[in-house]
Amino acid sequence: MKHLLSAGDLSRDEATLILDTAEQLLSVAQRPIKKLPTLRGRTIVNLFFEDSTRTRISFEAAAKRLSADVINFSAKGSSVSKGESLKDTALTLQAMGADAVVIRHHASGAPHRLATSAWTKGAVVNAGDGTHEHPTQALLDAFTMRSHLGDLEGKNVTIVGDVLHSRVARSNALLLDTLGANVTLVAPPTLLPVGVETWPVETSYNLDASLEKADAVMMLRVQRERMNASYFPSAREYSRRYGLDVARMNRLPDHAIVMHPGPMNRGMEIGADVADSDRSVIVEQVTNGVAVRMAVLYLLLGGATEGENA
Ligand code: CP
């Protein structure tokens, strides 16, 4: 593995290796053990052109817990606001010596552009590109599901809401299929993307019909900032038909878990009392994100000689 650009690029063995490695690193992520020296002398650049709380901070924590040096770049306050391009930004950071670049960008495909260019010599990790993919989110979601449900082969995962704008949904659909799970996407017709019939999923417009067989239900953030009001039902109507409230949560099987990648719109796609309930693993997803991102950085960079990737 030279880069991590798409969850769909991972074979079952590669995905399982990342999840197994993350399991071994979880105690370091949770901090009873302080740091591992594995990536000492390596430099990881967090290149964020879009806002982030969880992903940016957890990649920083992951890199530091492996003893790497971290450079955090945020487009806000940088020369991007003066019109500097992705190419020139990447070349500038490469000149400072980056062994890996973790990139979040509003343009779908930006990480692929970077990985196939000569602008950076390091490994490229997609930390979310437009409405396309967010592979480390899917990995941390699979890790969380696996820790509660065991092997994901044959498990039923229901992903609900704004699939149209969700890079999380696409990456989860691809990875969960690779790991043998059955994915059902539930959304209003206007919030399913064109071409969804080519995804390895079932689709439904009816949340209530999908609850009783779900082992995990993942609520997606309604991305109002990417929407045209004309195709979005009112917040009240959306919440009534597609929101997870306590009554719906109580119809899930006893063992089923409630997930959300964050940030949440409490009261819209998920009730506050559901988000804070015993069934919710939302905070655990964040903790697991550090371990999974440590595993990804370790497998991309660990043990390789300077200038090479594992
Ligand atoms: N889940 C996720 O990507 O959250 P952030 O936007 O806060 O990184």
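The ligand is surrounded by Ser52, Thr53, Arg54, Thr55, Gly128, His134, Gln137, Pro261, Gly262 and Pro263.

Gly262 and Pro263 are joined by a cis peptide bond, with omega at about -5 degrees. Pro263 has its place in the loop between strand S9 (257-259) and helix H9 (272-275).

Strand S9 leads us into a sheet. This open sheet has five strands in the order S7-S6-S5-S8-S9, with parallel pairing. Its edge strands are S7 (202-204) and S9, and each of them pairs on one side only. On average, neighbouring strands here are turned by 20 degrees against each other, direction ignored. At the S7 end, strand S6 (residues 182-186) pairs with S7 in the parallel sense over three bridges, and threonine 184 stands opposite glutamate 202 in S7. Helix H6 (residues 167-178) lies across strands S5 (156-160), S6 and S8 (216-219), running at about 160 degrees to S6.

Now for the other end of the ligand shell. Helix H2 spans residues 54-65, and the shell includes Arg54 and Thr55. H2 lies across S1, S2, strand S3 (100-105) and S4, running at about 175 degrees to S1. Those four strands form an open sheet in the order S2-S1-S3-S4, again with parallel pairing. Strand S2 (69-74) and strand S4 (123-129) stand at the edges with a single partner strand each, so one side of each is left without a neighbour in the sheet. The twist averages 15 degrees from one strand to the next. Strand S1 (residues 43-48) is joined to S2 by six bridges, and phenylalanine 48 stands opposite serine 74 in S2. In the loop between H2 and S2 you will find serine 67, whose phi is near 70 degrees, a positive value in a residue other than glycine.

Stepping back, how do the two domains meet? The contact takes 26 residues from domain 1 and 25 residues from domain 2. On the domain 1 side, helix H1 (12-29), S4 and helix H10 (282-301) each supply at least two residues. H10 gives the most to that side, with six residues. The residues on this side of domain 1 divide into 10 nonpolar, 11 polar and five charged.

Finally, a word on confidence. The average pLDDT is 93, and 95% of the residues score at least 70. The model scores ipTM 0.98 and pTM 0.95. The stretch to treat with care is residues 304-310, where pLDDT stays under 50 and the model has 12 contacts beyond four places in sequence. Where pLDDT is low, the predicted coordinates should not be read in detail.

Definitions and conventions
Residues numbered from 1 in each chain as written. Predicted model: local features only at pLDDT ≥ 70, side-chain atom pairs only at ≥ 80, totals over all residues. pLDDT = per-residue confidence, 0-100. Contact = placed C-beta atoms within 7 Å. Pairing = 2+ DSSP bridges. Axes fitted to C-alpha atoms, helices over the stretch in contact; angles between N-to-C directions. Near = placed C-beta within 6 Å. Nonpolar A, V, L, I, M, F, W, Y, C, P; charged D, E, K, R; others polar.
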